[in-house]
Amino acid sequence: MTSDRHRPPHLSPGGVAGAVAGAVIGGAAAAGAVGAGRARSRILRERARLSEEERAHPSQLGMQPPGRESSVAADDGVRLAVEEVDPVEDVAPELTVVLVHGFALDRKCWHFQRRMLSELTEPAVRTVLYDQRRHGRSGQASARSCTIAQLGADLDAVLRAVVPEGPIVLVGHSMGGMTIMALAERAPKLFRERVAGVALVCTSAGDVMAGGLKQAVLSHRNPTVNVLGRVAHWQPAFADRVRRAAGNVIWAFVQGLSFGDRSTDPALVDLVDRTIAATPLDALTSFANTLSTHDRRAALAGLSQCEVLVAGGTLDRMIPYEHSELIAAEMPHAELLPLEGAGHMAMLEQPGEFDAALLEMLRRCTHRSQVLRRLRPGRGGAGTERPRRGLRRPRRRA
């Protein structure tokens, strides 16, 4: 069981979209209460400083080293913005690592991992990043197509276009982890033959409504979600004005809901705040129903041939750490990494510990791929290594 200290006061795990969309539009109404006193002054000072620095030296967070940009057409024609980053050293990559971002974010959220992966030599890896539909630089799409199943199909299209051969490691954060599960459900053969490893970060395999809220925050039946979506769709200019007016309140919401440590570098908070602000409001509500109905625990069996790392922030208020424990319990060979004190953006908040665990998994994947080139599928020794210090083997629940 998750200990009490791992149970912060939290939203429903399904409250990701509700929290973000509620902060975006409803924040203005709460501005007087939330933005009062010292907290308001501190936020104003921080944001003024960051704004001044941004004007003087535009931020390169999440954009270095530069990569090759291209577009991939999804199966329904939606344009997906893709970027490929080669190793800094002029060496042939042994693996391709694909980074899949979460809800209301974009590829810049992999700021630390992008640089770390590009600098690796043992193993050398090529990194592929892309923006999910209706996020970042990717194209618009109908609300009906904003489903996790479609996101799995989009990832499949990206792999076919830019990673047509060679071993793959998939790394997904939040909704990005759900996207990988949807791909495993859609293309099990790919995971048997080419996906050497999977890292799931601050995500859930199902029961996303299990958090104590009486009403389904993310359901399309929730009138609040419906109103938010209609306002954003019918009156986008008004919604944007409200969004700007509530800017400081939203920044405070982002800091409190995305990070476990209030002393986290404000520049990282600003990075997350700006990516959320750049995501269309109707896109936030369009994904509401698919997040509330997500249940892909059965798909986890398809990862049995892969190296698996499951990481979660123990102070995650969006998707509590318990969900990482439940995912790992479904896969006895998985390694479970609790990032103590981290929130939902754990890979930004504690990049050192997460990157070290990811690197170890990549080395195991490289070894496994080399062995499987010589052996028949199924004879690799996946999962035979002893767990390293700091990682916990999951326990099955009664």
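## A salt-bridge tour

Across the whole structure, a search turns up 20 salt bridges, each one a side-chain nitrogen of Lys or Arg within 4 Å of a carboxyl oxygen of Asp or Glu. Bear in mind that this is a predicted model, where local features need pLDDT of at least 70 and side-chain atom pairs count only at pLDDT 80 or more, while totals for chains, interfaces and linings use all residues. Residues are numbered from 1 along each chain as its sequence is written, and side-chain values use heavy atoms, with hydrogens and water left out.

Start by selecting Arg-68 and Glu-84: they form a salt bridge, with 3.1 Å between the closest N and O atoms. Arg-68 sits in strand β1 (residues 68–73) and Glu-84 in strand β2 (residues 79–85), so this pair ties together parts 16 residues apart in sequence. Glu-84 is buried at 12% relative accessible area, whereas Arg-68, at 40%, is partly exposed. Here buried means under 20%, exposed over 50% and partly exposed in between, using a 1.4 Å probe and protein chains only.

Next, pick Lys-108 and Asp-106, whose closest N and O atoms are 2.7 Å apart in another salt bridge. Asp-106 is buried, at 7%.

Last stop: Asp-131 and Arg-107, a salt bridge at 3.2 Å between the closest N and O atoms. This pair links distant parts of the chain, 24 residues apart: Asp-131 is in the loop between β4 (125–130) and α5 (148–162), and Arg-107 in the loop between β3 (95–100) and α4 (111–119). Both residues are buried.

Definitions and conventions: Helices (H or I, at least four residues) and strands (E, at least two) are DSSP runs, numbered from the N terminus.
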